[in-house]
Amino acid sequence: MQNKGAIKVIAIIFALICIYQLSFTYYTKKVESNAKEFATNGYTKSLARTLAKGNDLREQEIFDSLSSERENYYLDSISEKPVYNFLFMRQFSYKECKAREINLGLDLKGGMNVMMEVSTADVIKNLATNPNDPVLTKLLNQANNLHKQNGGKYIDAFEQVVKQANESQRVELSTFFRVKLKEKGITATSSNAQIIDAIRLECTDAYERTFQVLSKRIDKFGVAQPTIQKLQATERILIELPGIKDPQRVTTLLEGSAQLQFWLVGDASKVASGLKAADTWLATAHSGSDTINESANGETLTTTATENKNVAQNNNKAQNVNNKQNHPLLSLFSHLNQGDLQPAVIGTAVGGNRIEINKLLKQASRILPQDVMFLWSAKPISKTNEYELYVIQFTNKAKTPLLDGDIISDAKDDFNQQGHPVVSMVMKDEASHKWAKLTGANVGKCIAIVLDSVVYSAPRVNDEITGGRSEISGAFTVEETKDLANILKSGKLTAPAKIVQESVVGPSLGTESINAGMASFFVAFILIMVYIIFFYNMAGIAACVALLSNLFFLFGVLASIGAVLTLPGIAGIVLTMGMAVDANVIINERIKEELLAGKNISTAISDGYKEAYSAIIDGNVTTLITGIVLAYFGSGPVQGFAITLCIGILTSLFCGIFISRLVFESLLNRKGEHRNITFYTKITQHFLENPKINWVGGHKAQFALTSILIVIVLGSLTFKGLDYGVDFSGGRTYVVRFDQDVHSEAVRNSLQKEFGSAPEVKTFGPNYQVKITTKYKIKEDNNKVKQEVIAKLYNGTKGFYKSNISLSQFESTLKSPLGIISSEIVGPTMAEDIQRSAIIAVIISLILIFIYVAIRFKKWQYGLAGLASLTFDALITIGAFSLFNKILPFNLEVDQQFVAAVLTVIGYSINDTVIVFDRIRENVRLYPKENYGKLMNNAMNQTLSRTFNTLGTTLLTLLIIFMFGGDGLRGFSFSLLIGITSGCFSSLCVACPTAYFLIMRTKKKEELRKSIAK
């Protein structure tokens, strides 16, 4: 083996990197385990029992609430503390470890997934002088229809509509937009193209501002690892909030308009005595309650309060802050203002303590001064990573701000004469006089710029500002001035962000999903290793070592790139394990052939690997193509599946080709032991050793069988159709769990009385769970309507529970496993986009695979045969969902997971086909004058053992997912079972006969042309 030393070094470096990346997950889980132990100790149980006063149900609710609060407090208190000392070179806090651990998707830990769309149509309306003009209204309506058909960006659809309108009658956009776009250089003589460009810039600015506002808002929800992602191609924003406890509050806050305000800051020294009084009152009020400092074993827990005391002592701050009990409020600050901070700042605190401080300030609001309020800074201080708490002074009895943000005309980042970054701000004409009066009355004071109750800046007023133009200077970086300019412009947000897709997974369902997913994973992994050792004996052990290495590297890479592990992602790992065996099967079968040819073990291994490379690489590249397409067009869990599949393919290639070879080399280097390397057992020694099946001779029968199957599935699709899930049809879906078995028909009849028309109700998994889908008021998607729908669901289903269940218990499984355990809302526009993306993804995959196969095998006939085979597999998989729908006892909805399954089938099937084609190509090269039909028969028979073993391991893993993967993966795994079985059939009975037919037809035409030419 060439470059063996280099490969060993690469493998060791790769392994060390993976260990490093996975170590963060280990330490995170260790801390969270300690937090859970602390939260559920005997003290919590005793306190819950005391507060419940004998009510068992109430006691459990109190215990759950206290446990959750104590666990969160523990994690908050340790958030900034070092919990991992890496080789004594670098210390990592819990927060830093959490950011580097393997992320679990919302379907595994519960939470909320929201897709928000920035309304570009509203931007255009707001830029128009007369938004209700009939001509403009007509253009916008046409753009709406075109956008629904084609997707993409709304402004592109608007531009296309304007161009089409100009062909019949002249449309001058300057009539509508020249006034409000005057500052962008637009005049009465500007062309439509110039105006479209100006509108496009405004739309981009609106999108960026909305993204910034939403980015800041998600920090308020107090969840770990929230994510927000731009989807610029569709002008949408994806937000994921794991472990969210109040989805309705999230919806309200996310869809609310931005509130930019200007407030006068106060003097922290004047409220210091009030804070001390509040701290004393809180200590008295909380005496005898949960001290939060007592750990499970009775020892003192070192909390942030203790750490803050040490910090205070080290900085000579004589605040006499002893501990959490004596100073519940002041002990939470890391630093109290001793004249070294801005006069308006009370002190600083770590991010994890802000929620607790806010809660205590609210409790002691009667003790505190009534003419001020307290707001946190938007960003932490860079040196200490702590947030500042500002005092905001009320200037009137109504307690309203000095000015609202809608008085700003424009703001931009700039540089002053000294070359320092500043922000230039322009007021609207009508607000200029008010701004001049306000600044003139507050010279020398600071005015806080506040967005959504967070202070972004508090610049000092140096002089009265007239003319409406202001400059905000300070120790800003260029990035900070850009952010502040965007924040100032967000006060005039012209594009409201609307939720177009929403998915909520309850914590109980998330726990069940991860348990089911991991169970299927471990069972499948063990059975694969047993199967491969049973079939290949000692060579199977080498394959198992490669398989274990593959798993280790796969998780290491997932942790390294910050990928999100979803339930379909776990299915992707399990499927990858089955497909990873394929490389080892191909290699082992080639080595067996070399041994049968009389070569010694060392030469056979070397030649076997060489001959297997092309088949392995071609097969995996075609599967990788579908994975990449799926990762690009998919979203959420489906995207997680695609990313996992792609990474798994790459790590499988590395381990299958190199790691297993290193194992063989190690065995060969042991004196006297190389003869013990066996590639079969007594049972499998002659399995499919020399089959003589005449595949080509039976191509007419194969075509007939194929045609019959196609007619059956097309008939089912025509007359029975498909059951489209909410992803494709739009609507609201809720999975509701009862405490006893229920009949879906009875639930449907009960809900019909509430909704007017009967929603779709199906049994989902066990008989005590149903999936309810309704399109009730789907176009009026707001929080009020959502609450109305949940109330109707509750009223229509509460009679099916044995025990009483309240509305609050029904809509959240945080405290009870009953009620709505998951929900999904997909707007009509989003459903159309999902349909379009699914079709495009399948078509692009087929085209790319056709191109790759045609180029790689240098014959278009191979590409077309592969395309025919894949089309057959897709039809069979889709048709099976139609044929068996409402016959099999599980859900067969067509949704995004189903599209992922179809694309996976396409990738798997072409992998199987390419390996057969690769052997045909090799046979043609070795025996160029041999009959083509005979060469093709030989190739199919030579690869039959590999086909059987790969199909066997893959079907085995899919059966495990089907049986143990849970209800959420049953339809997904069923489609893969059908599709991959079809893929094996089509490789032998569709692709090869089609390629033979096309190639022989081409040869006959060439022979005929030559004979005519003679």
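A: Strands β10 (residues 372-376) and β11 (residues 386-393) pair in the antiparallel sense over five bridges. Pairing requires that DSSP find at least two bridges between two strands; strands (E, at least two residues) and helices (H or I, at least four) are DSSP runs numbered from the N terminus. The model is predicted, so local features need pLDDT of at least 70 and side-chain atom pairs count only at pLDDT 80 or more, while totals for chains, interfaces and linings use all residues. Residues are numbered from 1 along each chain as its sequence is written, and side-chain values use heavy atoms, with hydrogens and water left out.

Within this pairing, Trp-376 stands opposite Leu-389 of β11. Four of the five residues of β10 are buried (under 20% relative accessible area; exposed is over 50%, partly exposed in between, with a 1.4 Å probe and protein chains only). Strand β10 is therefore largely enclosed by the rest of the structure.

Leaving aside neighbours within four places in sequence, Val-345 is in contact (heavy atoms within 4.5 Å) with Ala-268, Asn-337, Glu-388, Leu-389 and Tyr-390. Val-345 has a relative accessible area of 0% and is thus buried. The C-alpha atoms of Val-345 and Phe-374 are separated by 9.4 Å, although the two residues are 29 apart along the chain.

Beyond β11, the loop to β12 (403-404) holds Lys-399. The phi of Lys-399 is near 60 degrees, a positive value in a residue other than glycine. Most residues other than glycine have a negative phi. Lys-399 counts as partly exposed, at 40% relative accessibility.

Further along, three strands form an open, antiparallel sheet in the order β13-β14-β17. Strands β13 (408-415) and β17 (469-472) stand at its edges with a single partner each, so one side of each lacks a neighbour in the sheet. On average, neighbouring strands here are turned by 20 degrees against each other, direction ignored. Strand β13 pairs with β14 (residues 421-427) over seven bridges, and Ala-411 stands opposite Met-425 in β14.

Helix α16 (residues 478-489) lies across β13, β14 and β17, running at about 175 degrees to β13. Axes are lines fitted to C-alpha atoms, for helices over the stretch in contact, and angles run from 0 to 180 degrees between N-to-C directions.

Helix α16 also packs with helix α10 (residues 192-217), at an angle of about 100 degrees and with axes 9 Å apart. The two helices are therefore roughly perpendicular (65 to 115 degrees; under 35 is roughly parallel, over 145 roughly antiparallel and the rest oblique). From α10, the contact is made by Asp-205, Arg-209 and Gln-212; from α16, by Asp-483, Asn-486, Ile-487 and Lys-489. By class, this contact has one nonpolar, two polar and four charged residues. Here Ala, Val, Leu, Ile, Met, Phe, Trp, Tyr, Cys and Pro count as nonpolar, Asp, Glu, Lys and Arg as charged, and the others, Gly among them, as polar.
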